[in-house]
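Please look at the structure below with the sequence beside it, and follow the chain slowly as you read.

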Amino acid sequence: MFRVAAESSWTLHQVFDDLSSKIPQCPRYDRVYLGRTPQDVTESAAPYLESTIEELNFSNGQLLYLKYDTSGGASSSTQDSVPTSNPISIDSLGIKKLVSAPKSVQQLSVDDFLDSQEGTIPRKRGQFCHHSDRGMCEYCSPLPPWDNKYKEEHGIKHISFHAYVKEMNESKNKKNSVGSYISPLVEQNYQITSNCPSGHAPWPKGICSKCQPSAITLQQQKFRLVDHVEFSSSGIINDFINCWRLNGCQRIGLLMGTYEVYDKVPLGVKAKVEAIYEMPQLDLEDGLTYTELNEENEAALKELAENLGLQPVGVVFTDLTDAGLGDGSVICKRHKDSFFLSSLEIKFAARLQLKYPNICKWSDSGKFSSKFVTCVVSGNTKGDIDISSYQVSQSGEALVEADLICASTHPDMAIVNKTNEVRYVPDIFFQRINQYGIQVKVNAKPHFPAEYLLVSLTHGFPTEESQSVSLFSDTSRFPIENREHVGESQDWKAIKKAVDFSTHDLHNLRQSLANFHLLLYLSTTGILSKEELQLLFQTVGGKEETRETSFYKLLESSGFKTLTTIIQTS
């Protein structure tokens, strides 16, 4: 990346002369191509070398891509670039035209759908409306999805992500404008630049204003990537908590589900949880340690999820301690006077969010933050077992990625790391209301409240109105994986107990096979071929009109008959 200081009267030739001293193997100017994205660098600069900056309508801070050829061949042999977001084209008169379009990436289907929606909030005629039924005025016209008054009246703490995108787009890119398109989202990056264009030695031997991160001011994030977490049935959580009931130790699991539209919030998104996968772990009374999946198990989990249309949407862990009253009540540890997520848990959640980024076309990088959620099962103020759902803010992700913070022995506080040979820590501030009710900026060093990095979500179960149908059946009680320490093992006897393969009621047999943990175990036994596993997955998660056909094909397959024989004789 290079910066060129130029006057409006400079010609494009003069700009290249200034830039040529910085580019290795300076090319001939008739082999230089300009564009606003790497994919659209197609216009040769040769016809416009004598045009001035003013004639080309370049503004202060204009960002361009350069592609150049030093060999005399194709223009793609060598290139150097300065990033921006849109293609540039120059017509026959030399007047620049800009095409406003977001980055082309493969988003989730729910994001594409919400991008196409206006999301405006309709209002009924009020007492101040004096027009006909077909008319509209400022008192009854629809509100934008980010309207602050509507948010306060309905108790919405954070607006939805897509409402925030539309608000940013509205402020940065005017409709029907021929001006430059500006990406409405910019990911925070607090890492020091390793290859500074100024030419000095990299950190820690050298640093300048161009490569060092700017001062950081932490604020409560006004939006959230996911608005609601919905568990498709209460049995999912009950089965997960049962492990704690058996041995009193904590448990962690990966939430497998989908992202869908949440209509309780304008342009909202919900994470619908269909199953909880419990990875290999060492459970303790006051914590736990889990290990990454081996290659074989990870591949089996990924294949099952893809065939059923699922993906990892979050993580859930318990923090439960029996109150000792004999009535099933638990101790309330997490509340407004203690903490919600500890600084250690926030770092853990941030790393998982960085592992599962949110693909987004409204960001220059093609991604922005994450839809990955973190749920905690703990005691509430009434002593009941309850669920709380959170996400780490995008600033929190950037702080963790740059290794600027670490966990504290005080769970509600995060410690700011010190500058060393690997990282440069800029000034970090946070805003709070002082004792006089005035908002002030406070230095975050050496520590600051960890809640500045959190975004809270709502959670619940399907209502009768939602008509949400669970993908898996509760009729099959097959043991959950990695629970041998509490006497639950996945084996042939467990399958025989959970599924009656000798039944003539094919509907009940198909329902019994619809168990996430059973399907995952069967996919790792090696008895069913890849084609037979596909039939099994289609029987459970395929389209409604093809499920029955796939089931009958599965019953006639040799692998399934072998599986049935092994189970019945076990």
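**Aromatic rings**

A search of the whole structure finds 16 aromatic pairs, where rings of Phe, Tyr and Trp (its six-membered ring) pair if their centres lie within 6.5 Å, and where planes under 30 degrees apart count as stacked, over 60 as edge-to-face and the rest as tilted. The model is predicted, and for this reader's guide local features need pLDDT of at least 70 and side-chain atom pairs count only at pLDDT 80 or more, while totals for chains, interfaces and linings use all residues. Residues are numbered from 1 along each chain as its sequence is written, and side-chain values use heavy atoms, with hydrogens and water left out.

A pair of aromatic rings is described by the distance of the centres and the angle of the planes. For Phe161 and Phe368 the ring centres are 6.0 Å apart and the planes stand at 20°, so this pair is stacked. The pair links distant parts of the chain, with Phe161 in helix α4 (residues 161–172) and Phe368 in the loop between α7 (343–355) and β16 (373–379), 207 residues apart. Helices (H or I, at least four residues) and strands (E, at least two) are DSSP runs, numbered from the N terminus.

Are these two residues buried or exposed? Phe161 is buried, at 2% relative accessibility, and Phe368 is buried too, with a relative accessible area of 4%; buried means under 20% relative accessible area, exposed over 50%, and partly exposed in between (1.4 Å probe, protein chains only). Phe368 also pairs with Phe223, and because the planes are at 35°, with the centres 6.1 Å apart, that pair is tilted. Phe223 lies in strand β9 (residues 223–224), so its pairing with Phe368 in the loop between α7 and β16 ties together parts that are 145 residues apart in sequence. Phe223 counts as buried at 6% relative accessibility, and ring pairs link Phe161, Tyr164, Phe223 and Phe368 into a cluster.

**A buried threonine and the whole chain**

Strand β16 contains Thr374, which is buried at 1% relative accessibility. Leaving aside residues up to four places away in sequence, Thr374 touches Val315, Phe317, Leu341, Ala349, Ser388, Ser389 and Tyr390, where contact means heavy atoms within 4.5 Å. Across the chain there are 14 helices and 23 strands, and 46% of the 570 residues count as buried. Among contacts between residues at least 6 apart in sequence, 66% join residues at least 24 apart.

**Two packed helices**

Two packed helices are described by the angle between their axes and the distance between the axes. Helix α12 (residues 530–541) packs with helix α13 (residues 544–556) at an angle of about 145°, with the axes 8 Å apart; axes are lines fitted to C-alpha atoms, for helices over the stretch in contact, and angles run from 0 to 180 degrees between N-to-C directions. On the side of α12 the contact includes Glu532, Leu535 and Leu536, and on the side of α13 it includes Arg547, Phe551 and Leu554.

The loop between α11 (516–522) and α12 holds Thr524, which is partly exposed, with a relative accessible area of 32%. Thr524 and Asn297 are 227 residues apart in sequence, and their C-alpha atoms are 7.7 Å apart in space.
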